[in-house]
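Here are my notes on this structure, written for someone opening it for the first time. Have a look at it below, then read on.

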Amino acid sequence: MDIAEKIMAIKTEIIDEVKQENNNQIEKKRKELQKRYDNFQEELDNKQKNIINNYENMAEQKREQIISRAILEKKNLKRKKLNDSINNFIQELHEKLDEFTAEKDYCLFIFNSIKAAAKELPDQEFTVLLREKDSEFKSDLEELLEKEMDDYQFEMRLTEKIKSGGFIIKAKNNQQMIENTFAALIDSFREEIAIELKNNILTQK
């Protein structure tokens, strides 16, 4: 399978995940993957530092200096290529998710995710933040939640902080919150994307 097919497979998997995963699974996965991604970035930084140290140790011999510099430049070029590829992929993913927010399933996804998130928090009164574009179905959400979760109280608000879709739910009494925005979801998959692209970019000679 070439890189284009691998990237397309990842796109399909992520979009399906958006429509199916509940907020608790997403939050747990986000923390795990963010930690792994940070480790990955640290590994790249350490590799670059090692190259620089080797270059300084061989500074007495001009030929070795040139070789070390060439190696460093090559690795930096590959790293830049990796970062550019990650950014391009994430931009495409944002566009796909933006298309999803225009579908009827998006409102149902938000409704089911809010129900799941409310049951995860130890409270019965919540403030739910939605992006301003979702004002068109805000009243529908309030009606559905009141009908199906009459033991809970939800205050729906619009905010500019959420750009790409999803929501943030806050417990009024204990101040706990869950972020189920698409931006957070994309961040949770960033490390998986980086590893896949790394295997196809940084390993190339």
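The numbered points below go from the overall layout to the details.

1. First, some ground rules. This is a predicted model, in which local features need pLDDT of at least 70 and side-chain atom pairs count only at pLDDT 80 or more, while totals for chains, interfaces and linings use all residues. Residues are numbered from 1 along each chain as its sequence is written, and side-chain values use heavy atoms, with hydrogens and water left out.

2. The overall layout. The protein has six helices and four strands; helices (H or I, at least four residues) and strands (E, at least two) are DSSP runs, numbered from the N terminus. Of the 205 residues in the protein, 39% are buried. Here, buried means under 20% relative accessible area, exposed means over 50%, and partly exposed is in between (1.4 Å probe, protein chains only). The areas themselves come from the Shrake-Rupley method with a 1.4 Å probe, and for residues only the protein chains shown count as cover.

3. Start with strand β1. It spans residues 125-131, and six of its seven residues are buried. Strand β2 (residues 153-159) pairs with β1 in the parallel sense over seven bridges; two strands count as paired if DSSP finds at least two bridges between them. If you want a spot to check, E125 sits opposite Q153 in β2.

4. Now strand β3. Five bridges join β3 to β1, and these two run antiparallel. L130 has F167 in β3 as its bridge partner. Five of the six residues of β3 are buried, so the strand is largely enclosed by the rest of the structure. F167 and T181 are 14 residues apart along the chain, with their C-alpha atoms separated by 5.1 Å.

5. The β3 and β4 hairpin. β3 and β4 are antiparallel as well, joined by five bridges, with I169 facing I178 of β4 as its bridge partner. Which residue takes a positive phi in the hairpin of β3 and β4? Look at Q175: its phi is about 65° although it is not a glycine. The hairpin has five residues between the strands, and Q175 is in that loop between β3 and β4. At 63% relative accessibility, Q175 is exposed.

6. The whole structure holds five salt bridges, each being a side-chain nitrogen of Lys or Arg within 4 Å of a carboxyl oxygen of Asp or Glu. In one of them K115 meets E148, with the closest N and O atoms 3.1 Å apart. K115 is in helix α4 and E148 in helix α5, so this pair ties together parts 33 residues apart in sequence. E148 is partly exposed, at 47% relative accessible area.

7. Are D134 and R131 buried or exposed? Both are buried, and their side chains form a salt bridge (2.9 Å, N to O). Another salt bridge links K172 and E155 (2.9 Å, N to O). K172 lies in the loop between β3 and β4 (177-181) and E155 in strand β2, so the pair ties together parts that are 17 residues apart in sequence. Salt bridges with shared partners join E155, R157 and K172 into one network. K172 is partly exposed at 35% relative accessible area, and E155 is partly exposed at 27%.

8. D140, E143, E146, D150 and D151 form a negative surface patch. Patches take residues with over 30% relative accessible area and no salt bridge, with like charges joined within 9 Å; Asp and Glu count as negative, and the place of a charge is CG of Asp or CD of Glu. E146 is in helix α5, residues 138-148, and is exposed at 61% relative accessible area.

9. E120 is in helix α4 (residues 104-120) and is partly exposed, with a relative accessible area of 43%. E120 and M177 are 57 residues apart in sequence and 9.9 Å apart in space, C-alpha to C-alpha.

Methods: Patches are made of residues with over 30% relative accessible area and no salt bridge: like charges are joined within 9 Å, nonpolar side chains (Val, Leu, Ile, Met, Phe, Trp, Tyr) within 5 Å.
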